[in-house]
Amino acid sequence: MTVTTPQPTTATTATTSQPRATIPASSPSLRVPRPGTTQSPTAETTPETAAGPALDDAGWRELTDTVREVGLYPTGEQAERVTRTVLTALGCHVTGEERVALAQALPREAGRVIASQIPAVQALTAREFVESVAARIEGSTPATARWDVSSVLTVLADRVGEPLTTRILSQLPPGYALLFGRAELSPTA
């Protein structure tokens with residue numbers, strides 16, 4: 001069986017814009033200026049853009065390494081899997097400005113995981129949240145899932161800071177503060 005792809009005609013090629021391929025800029029430190037010229041940074045060669053994906057990977061790796069230390073996980077892969085699972089579950093329950101602020105405060109990959117979730121229709125209690133994570137991790141029990149959730153959310157709270165953590169907790173039902181490594185304070189009468 002022969003498969004042919006239609007070729008655009010000259011008229012449509014001229015009127016249709018084609019996507020341009022993006023070629024990553026080489027690192028400014030690897031470029032050698034021509035003799036007699038000076039090298040000035042351009043938009044393509046700034047340190048932020050030249051090392052963007054590497055910095056993102058480093059931030060994600062740092063986050064999962066911290067989860068590995070806090071959760072005492074034997075491998076980085078296990079810590080990464082748990083981190084991704086808990087962030088996916090959390091992304092369904094944090095909405096609005098807090099969700100945006102949380103995604104921006106985290107490494108890009110973690111922010112993508114949070115932001116790509118469809119908001120839940122009904123808020124889960126802290127216990128139901130832990131049980132939902134247990135259902136997503138093979139061989140997990142509510143006790144091990146609580147450990148997993150607390151390991152990730154404690155690291156998350158330390159990373160994003162007290163003000164944002166407090167805003168996130170104000171959106172969630174009572175009981176979540178302990179999962180974030182915070183005291184659950186109830187108002188007195």
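Which residues touch the most other members of the largest nonpolar core? They are Leu 87, Leu 90, Leu 102, Phe 129, Leu 153 and Phe 180, in a core of 38 residues.

## Basis and confidence

This is a predicted model, in which local features need pLDDT of at least 70 and side-chain atom pairs count only at pLDDT 80 or more, while totals for chains, interfaces and linings use all residues. Residues are numbered from 1 along each chain as its sequence is written, and side-chain values use heavy atoms, with hydrogens and water left out.

The protein chain has a mean pLDDT (the predictor's confidence in each residue, from 0 to 100) of 79, and 68% of its residues reach 70 or more. The pLDDT is below 50 over residues 5-51, a stretch with 15 contacts in the model beyond near neighbours in sequence. Helices are DSSP runs of H or I with at least four residues, numbered from the N terminus; contact means heavy atoms within 4.5 Å.

## The nonpolar core

A nonpolar core is a set of buried Ala, Val, Leu, Ile, Met, Phe, Trp, Tyr and Cys residues joined through side-chain atoms within 4.5 Å; buried means under 20% relative accessible area, exposed over 50% and partly exposed in between (1.4 Å probe, protein chains only). In the largest such core, Leu 102 is among the residues touching the most other members. At least two core residues each come from α3, α4, α6 (108-115), α7, α8 (142-160), α9 (162-171) and α10 (176-179). Helix α8 supplies the largest share, eight residues.

Beyond neighbours within four places in sequence, Leu 102 contacts Leu 90, Ile 114, Leu 156, Val 160, Leu 164 and Ile 168.

## Helix α9

Leu 164, Thr 165, Ile 168 and Leu 169 are buried in α9. These buried residues line one face of the helix, because they fall within an arc of 135° seen down its axis, the arc being that of the directions from the helix axis to the C-beta atoms. Their cover includes α5 (96-105), α8 and α10. Exposed Pro 163 and Ser 170 lie on the face turned away from the buried side.

Thr 64, in helix α3 (residues 52-71), counts as buried because its relative accessibility is 5%. Setting aside residues up to four places away in sequence, Thr 64 touches Ala 79, Glu 80 and Thr 83. Its C-alpha atom is separated by 7.0 Å from that of Gly 76, 12 residues apart along the chain.

Ser 132 belongs to helix α7 (residues 126-136) and is buried, with a relative accessible area of 19%. A polar atom of the Ser 132 side chain lies 2.7 Å from the backbone oxygen of Phe 129.

Conventions:
A polar contact is a pair of N or O atoms within 3.5 Å; within protein, one must be able to donate a hydrogen and the other to accept it, and residues adjacent in sequence count only if both atoms are side-chain atoms.
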